[in-house]
Amino acid sequence: MTKKNSKRALSAVAIAGLGLSVLAIGASTGATASPETQVVISSATYQQAVAAAAAPGSPKVTVVATGGTLAGKATGRDTFGSYRAGTYLMTDLLDQLRPELDGVAAVDSVQFGNGGSSSYTIEKYRELTLAVEEALKTSDGVVVTTGTDTMEEFAYWLDLTVQSKKPVVITGAMRPWAAGATASEQPVIGTDGPANLYNAVKLAAGQQTYCFGTVLMLNDEIHAAREVRKTNTTRMDTFGSPSNGPLGYIDEGATVLNHAPARVAKCDGDAWATPFDVSTITPADLPKVEIAYAYQEASGSMIEGLVGDGATGIVTMGTGAGGLSGTMGAARTAAVGNGVWFVSTTRTGTGNVTGSGNGIIAGGDLQGTKARLLLLLSRAFTDDIAQAKTWFTTIGNPPATYVPGEVVEPEPETPEPTVTGTSATKLKVAKPVKVGRKITATVTVTGAEKVVPTGKVTFRINGSTVKTVSLWSAKKGVLRVTLPKQKKPGKIGVEAYFTPAATSTLAPSNGITWVNVKRR
C-alpha cells in the first residue's frame, strides 16, 4: 500500500501533569532506534534512505561470505575452540534463520570464499571490495562474514575502498556454528553465530548505518571500522573501540546509535567517497607494505630485511609516542633515502603520534595494522607523499565523531496527510519549554485484532517535521521518542502522524494515543 492511499488515524488526549494535549495522526516498517540515545543525522540523503527502508516491502540484503568461525564445524557440541573454520556454506546458515529472517529482508548470498580470515591476501581484499560493490548495485545493503582474527582489517579495508554509501556490515562469530555434517545438525551449545548473522542482516536492512561506511557488528554491538579492534582471544565480547566506544547497540527490536563516524557529515555530496576506487587499479598496482615493531634495543635488521624484500612502505609501531631505538631509527633513515615511505604509530594501542618529516608520515591515533592498509592504498594511488600525508590527516584521522548541524529534512514524497475528524484542532503545550530542553513522548498504536501495528510515525513541532521513526512489529505498538531541543522558549504545537504499513494495521477505532509526554 502506498502512502497516498493508506488510511490514517487521529486522536487527541491530554497528558497528565503537563497540561499537554497533542494531536496524534498516524508511519512504516523499519528498525526502531531508541530516541533516548540516538544521534540525529542532519542529512537529507540519510533520512531518505532510512525512510525508504521503512516503506512497505522488504529491503534486499546480500550476504558475502568468506568463511571464518561463523561457518566453522566443531569437534563436539560443547567444544568452542576445536573446530575447522569455513566448513558450512552461507546458504545453509541462512536457512537455519528462516522463516524469521524472511520477515527482516529478502536475503541472498555470495560465497566469495570459505576459509580462515588470515588466509586472505591483499589481492583477495581487492576482489572482495569489487564483490561487495557488485552486490550493492541491486541490494540495499551487504553483510560480509569473516573470521574474527583479522576482522578489523577486513572492516577497515572495506571502509576505505567501498564507494557506495549503502550499509556494509561485517560480522562473524567467536564460537563455531555446529558440530554435525550440516549446519542444522548438532548446534554448538552457546554459539553466537546465528544471533550475530541475524542482527547484521537486520542492521543492513534498516539503513541506520547508511553513509557510516563499513561497520562491525558482533555481540549486539556496532563499531566503526576505523576504531574497532579485537581485545581478547576467546571472549564473545572481544571487540571494542577503546577511544570512542561502540557506535551503538542492537537491543532486540531497537537499534540504538549513540554517535556516528565523522564522514556522515559528507553524506549529501560526492566528497563522502574516498579516492581509493580499486576498480581503477590492477592487482599489480598493490604495493608491498609491512609493519616493524619496536622494543627495547630493537635492531635495524627488521627494516633492512623488509626493504630488501621489496617493501615500499613500512609502518613502525613505536614505543610511547612512536619512539624507535637508535639502530632502528638509523635503518629508517637509510630506507627513506631509497624512496621508502614510513608511517609512525604507537604500540600502546591508544594515543596520538604527531610530527612528520622527510619520508615519514604521522599516523595520529590510527592503529598500526590499519595504518598499513591506508599506506598501502596511498602508495597505490599516488607517488606524492605530500598527498599521502593529507590523506592520513583527512581520511585516517578525521574528527572523532560526527557532529550534527542543522537538521535538513528531505522533500516529502507526498504531501503531509490532511487532518480530519472531530479532534482536528492543533493543540499546544500548556507550559513553556525552556531553551535546550527536550520533550520525550511515548506513543501507543493499537492494531486491529491479532495484528501488531507496523508503520512510520512522523513528529512535527509548530508545523515543521522534526523526526520520522519507524515502528517495527517487535515494538508491539509502543514507540518512545525524544524530540529535538527547542531554541526558543514558549509554547509549541506537537503533532504525530502515523502512516500504517497496511490498512489492516489499525484497529477499527483508529486507536493512537500518547501514553506519556514529559519535558526534561
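Student: Are Arg226 and Glu227 buried or exposed?

Tutor: Heads-up, this is a predicted model, where local features need pLDDT of at least 70, side-chain atom pairs count only at pLDDT 80 or more, and totals for chains, interfaces and linings use all residues. Residues are numbered from 1 along each chain as its sequence is written, and side-chain values use heavy atoms, with hydrogens and water left out. Relative accessible area decides it: under 20% is buried, over 50% exposed, in between partly exposed (1.4 Å probe, protein chains only). Arg226 and Glu227 are both buried.

Student: What N to O distance does the salt bridge of Arg226 and Glu227 have?

Tutor: A salt bridge needs a side-chain nitrogen of Lys or Arg within 4 Å of a carboxyl oxygen of Asp or Glu. For the side chains of Arg226 and Glu227, the N to O value is 2.8 Å.

Student: How many residues apart are Lys60 and Asp108?

Tutor: Lys60 and Asp108 form a salt bridge, with their closest N and O atoms 3.6 Å apart. Lys60 counts as partly exposed because its relative accessible area is 27%, and Asp108 does too because its own is 30%. The pair links distant parts of the chain, strand β3 (residues 60-67) and strand β6 (residues 106-115), a DSSP strand being an E run of at least two residues. Lys60 and Asp108 are 48 residues apart.

Student: How many salt bridges are there in the whole structure?

Tutor: The pairs above come from a search of the whole structure. Its total is 11.

How values were computed:
Helices (H or I, at least four residues) and strands (E, at least two) are DSSP runs, numbered from the N terminus.
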